[in-house]
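Hello,

Here is the structure for your files. My notes follow below it.

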Amino acid sequence: MKRTVIFDLDGTLADTSGDLIAAANTCFRGLGLGDLLDPAQDAGTALKGGRAMLTLGFSRVDGFGLAEVDAQYPVLLAAYGANIDTHTVLYPGAMEAVARLQSADYAVGIATNKPEGLAESLMQSLGVRDAFASLIGADTLPVRKPDPEHHFEAVRRAGGDPRRSLLVGDTATDRNTSRNAGVPSVLVTFGPGREDVLALDPEATIDSYEELDEVVSRLIG
């Protein structure tokens, strides 16, 4: 079984924040509230998921709470699925780094808390799905990150060895997943919230994908 590198998707492989915020704002406009989220200011919250965005937006107006978050979540998913790649871009060097890992005989996969269907659609739309041997979404298993089984299953489906794997991510959820799985984490610092990432004390951080090869080799051989 191969050494394996598992990537988070949102905020790690791709900047999806613009399309996520647009979907949330579709919900708010439908309620007559206008655009409650700003694509630049709220990019960090966008990469924490749909419920986080809805919660933040509703916190900026009176009379809305958890019930509205629950009600609008499927609306958000539908809006996002209809416009999943309008603003989304892969981070510079991401796919080149994946190709280098494969050339060095590492298996690569994806473990994301984005629903599997949306993740598959996005990766297909970006033209890079075939580069990854596995893709585990939020609803693929009964559990999701930070449960370690989410990571382990992504490794297994990629044909890898969970004992010689690591997780590349960008949030506390990714850091906690790696800690729970007993594997190293490499957190990227080029997304929103660099100082927050550094405070999570991962085994390694990278400022660009040009640094990933050396870090992976050092951490799992």
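Helices (H or I, at least four residues) and strands (E, at least two) are DSSP runs, numbered from the N terminus. Axes are lines fitted to C-alpha atoms, for helices over the stretch in contact, and angles run from 0 to 180 degrees between N-to-C directions.

This is a predicted model: local features need pLDDT of at least 70, side-chain atom pairs count only at pLDDT 80 or more, and totals for chains, interfaces and linings use all residues. Residues are numbered from 1 along each chain as its sequence is written, and side-chain values use heavy atoms, with hydrogens and water left out.

First, the helix pair. H1 (residues 17–30) packs against H4 (residues 66–82) at about 130°, and their axes are 8 Å apart. On the H1 side, the contact (heavy atoms within 4.5 Å) includes Asp19, Leu20 and Ala23. Val75, Leu76 and Tyr80 are among the H4 residues.

Next, the cores. A nonpolar core is a set of buried (under 20% relative accessible area) Ala, Val, Leu, Ile, Met, Phe, Trp, Tyr and Cys residues joined through side-chain atoms within 4.5 Å. The largest has 52 residues. Val5, Phe7 and Leu212 are among those with the most contacts inside it. H1 gives the largest share of this core, 6 residues. Another core, of 7 residues, lies apart from it and includes Ile6 and Ala111.

Leu212 touches Phe7, Ala97, Leu101, Val168, Val186 and Ile206, leaving aside neighbours within four places in sequence. Gly93 and Leu212 are 119 residues apart in sequence, yet 9.9 Å apart in space, C-alpha to C-alpha. Gly93 sits in the loop between E3 (89–90) and H5 (94–103).

Best wishes

Notes:
Buried < 20%, exposed > 50% of the residue type's maximum accessible area, 1.4 Å probe, protein only.
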